[in-house]
Amino acid sequence: MQLISGIVSNNAAKVRMVLAEKGIPYETIEVPWTKANAWEPKPQILLEHNPRAEVPVLLDGDLTLWDSTVINEYLEDKYPTPALLPTDPEQRALARLWEDEGDHLQTQIVVLIQDVFLATPGTALSDRGQLAQQALQDFVERLGEQLQDKDYICNEFSLADISVFMTIAFAQTLGVAVTHTGVTAWFERMLARSAIGQEFQAIMAGVAALN
Ligand SMILES: N[C@@H](CCC(=O)N[C@@H](CS)C(=O)NCC(=O)O)C(=O)O
């Protein structure tokens, strides 16, 4: 199995975390990201395998898949143990909903990457940036309400936690205050999982090494 990935890609990280949680061996084909040119120039292997020209892409024998959610659901079906979706239909649907919420908020993360990470230090947030920050702040509160009395978003650790973790991790790095005690406790719980903690460290090292 091969994963066309990017160390700083939140979507690729979602898949790497699932591969690590399930202990699936794979080979990484790394696509670099730079501050100046983002993902360009894209390698031929990415252009050949994904018409969207985005990471992640999973190559498994004759099968080529893209989109982190589709890939993770495939991995869940092919390697059901340990389970990363609840069996109860309602909880399963809610896990998928929260997984999608994490993805949905990524549009706000992209705005803050422009406005905070790539901006000249000291530049004020644009109107768009302020709205993105507020949307993420609101999401932190909503997540806190969902986590009440639960260790994980849908009780058991699931694909939802992985997707939302990446959003919260990036939001925090981009200056969104994550102070809700339920959310900070959940975040620490996530980091304490070796698969998640190690992957998170690798992403942060990748970010620190960017030029
Ligand atoms: N819905 C896709 C989104 C994938 C995506 O946006 N990947 C970004 C990296 S995080 C990318 O490769 N972007 C390429 C580009 O912006 O040209 C998924 O969940 O995998």
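A: Phe157 is buried, with 8% relative accessible area, and this is a predicted model, so read the numbers below as computed from it. Its ring pairs with that of Tyr152: the centres are 5.4 Å apart and the planes sit at 70°, which is over the 60 degrees needed, so the pair counts as edge-to-face. Tyr152 is buried as well, at 11% relative accessibility, because the cut-off is under 20%. Phe157 also has a charged neighbour: Arg193 lies over the face of its ring, 3.6 Å from the ring centre.

Now for the other rings. The count of aromatic pairs comes to eight. Ring pairs also tie Phe165, Trp186, Phe187 and Phe200 together into a cluster. Over at Phe117, the charged end of Lys35 sits over the ring, 4.8 Å from its centre.

On to the pocket. The largest one has a volume of about 820 Å³. Its lining takes in 33 residues, and Asn10, Asn11, Trp39, Val110 and Ile113 are the ones nearest the centre. By type, the lining splits into 17 nonpolar, nine polar and seven charged residues. Helix H5 (106–117) is among the helices that each supply at least two lining residues, as are H7 (159–173) and H9 (194–208). H5 gives the most, with six residues. Both domain 1 (2–78) and domain 2 (89–208) take part, each with at least three residues in the lining of this largest pocket.

Technical notes
Residues numbered from 1 in each chain as written. Predicted model: local features only at pLDDT ≥ 70, side-chain atom pairs only at ≥ 80, totals over all residues. Heavy atoms only, no water. Phe/Tyr/Trp six-rings, centres within 6.5 Å; stacked < 30°, edge-to-face > 60°. Buried < 20%, exposed > 50% of the residue type's maximum accessible area, 1.4 Å probe, protein only. Lys NZ or Arg CZ within 6 Å of the ring centre and 35° of its normal. 1 Å grid on protein atoms, 1.4 Å probe; cavity = no way out; pocket = protein on both sides within 12 Å on 5 of 7 lines; lining within 4 Å. Points joined across faces, edges and corners; volume = space filled by probe spheres on them. Helix = DSSP H or I, 4+ residues; strand = E, 2+ residues; numbered from the N terminus. Nonpolar A, V, L, I, M, F, W, Y, C, P; charged D, E, K, R; others polar. Domains from an automatic or database assignment.
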